[in-house]
Amino acid sequence: FRRVLFRSWVRLIQKLRAGNYDLVLDMEGLLRSAIMARVSGCKLRIGPCDGREGSRFFYTNMTEKVEPNTHAVVRNWAFARLLGAKSFPLPGLIKPEAEIINDVDVLLSGYQKPFWVLAPGARWTTKRWPVGHFAEIGNRLVKRYGGSIIVVCAPGEKELTDALAKQLGTSCLGLGGKTGLALLTGLLSVADLVVANDSGPLHLACALGRPVASPFLCTKIALTGPYGQLERAVAAPVACQGSLVRKCPTNQECMPALTPELFWNIIEKSLIGKPPWKVLNG
């Protein structure tokens, strides 16, 4: 085992050095990521000001200080500011390429607007709102406004989308595990609403300037909520909300506590009128 580990580490170092990088950004701020930055051979290595586990000793430069409870987008934007950016990011800065939009138009040509994108996946199981809850929200959206549901997720979470698509019926286009990053970006860009856990699709939708709605269970809205749309994130009404645990000691009591009814009522208040909705500065 040790030999295999050593050989893997040697191959990783060789691969990193072969890149001949001019700049390395360590946005994780942990010892392992800082060591990888160092062994890359790059002379300019930037890390976060609050890097942990001694990682700061491996950087040549660090970002400006931020408050402990600063949102992750603002915290990461400190790297951009160090490199010359002046303002903070606004919704809609990311734009899909025209070719991708054409692909999306073809893919959705047989489906009716509005488009509701549901993303039930998340890397942590403690961040995954139940599939049945997503299904109820999707059915309510179609019943209230009409349109079609598009279900997306990462390749390893296809069982979630299959289960969700089964509960949603004919108004659903199940694309679980079938979209690369470019196509996912295109799909999110035409969504009238993106309902997602604290996950990549949620934050990508915010960067695209699309309206979102998000259930928050074990993570904190103030730290990783939908940037620019924090009022559209709904925290589970339990004492341990935002505990940041990957293995829940309370048998995930937040899941039934954050009901579809509660989620729907709060979100409906933040989306005025009929779709298509807009976000501030969008």
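**Entry 1. Terms.** I took a helix to be a DSSP run of type H or I with at least four residues, numbered from the N terminus. The model I examined is predicted.

**Entry 2. The largest pocket.** I looked up which helix gives the most to the lining of the largest pocket, and found α3, with 6 residues. The space in this pocket comes to about 1500 Å³. I noted that α3 (72-82), α8 (200-207) and α9 (221-224) are the elements that give two or more residues to its lining. In total, 39 residues line the largest pocket, and M27, A72, N76, L223 and T224 lie nearest its centre. I then sorted this lining by class and recorded 20 nonpolar, 10 polar and 9 charged residues.

**Entry 3. The second largest pocket.** I recorded a volume of about 280 Å³ for the second largest pocket. Its lining has 16 residues, of which C153, A154, L184, G200 and P201 lie nearest the centre. Both α7 (181-189) and α8 supply at least two residues of this lining, and α8 gives the most, with 3 residues. By class, I found 10 nonpolar, 4 polar and 2 charged residues in the lining of the second largest pocket.

**Entry 4. Cavities.** How many cavities of 30 Å³ or more does the whole structure hold? My search returned 2.

I listed the residues that line the largest cavity: I137, L141, Y145, L193, A213, F263, W264, I267, E268, L271 and W277. Helices α5 (131-145) and α11 (260-270) each supply at least two of the lining residues; the largest share, 4 residues, comes from α11. This lining divides into 10 nonpolar residues, no polar residues and 1 charged residue.

For the second largest cavity, I found a lining of P48, C49, D50, T63, V66, R75, A78 and F79. These fall into 5 nonpolar, 1 polar and 2 charged residues.

**Entry 5. A surface patch.** I next turned to the surface, where L23, L25, M27, L44, L82 and L83 form a nonpolar patch. Together they have about 480 Å² of accessible area. M27, a member of this patch, is also one of the residues nearest the centre of the largest pocket.

Is L25 buried, partly exposed or exposed? I placed L25 in strand β1 (residues 24-25). Its relative accessibility is 36%. Buried means under 20% and exposed means over 50%, so L25 counts as partly exposed.

Technical notes
Residues numbered from 1 in each chain as written. Predicted model: local features only at pLDDT ≥ 70, side-chain atom pairs only at ≥ 80, totals over all residues. Heavy atoms only, no water. 1 Å grid on protein atoms, 1.4 Å probe; cavity = no way out; pocket = protein on both sides within 12 Å on 5 of 7 lines; lining within 4 Å. Points joined across faces, edges and corners; volume = space filled by probe spheres on them. Nonpolar A, V, L, I, M, F, W, Y, C, P; charged D, E, K, R; others polar. Patch = residues over 30% accessible without salt bridge, like charges linked within 9 Å, V, L, I, M, F, W, Y side chains within 5 Å. Areas by Shrake-Rupley, 256 points an atom, 1.4 Å probe, with all protein chains shown as cover. Salt bridge = Lys/Arg side-chain N within 4 Å of Asp/Glu carboxyl O. Buried < 20%, exposed > 50% of the residue type's maximum accessible area, 1.4 Å probe, protein only.
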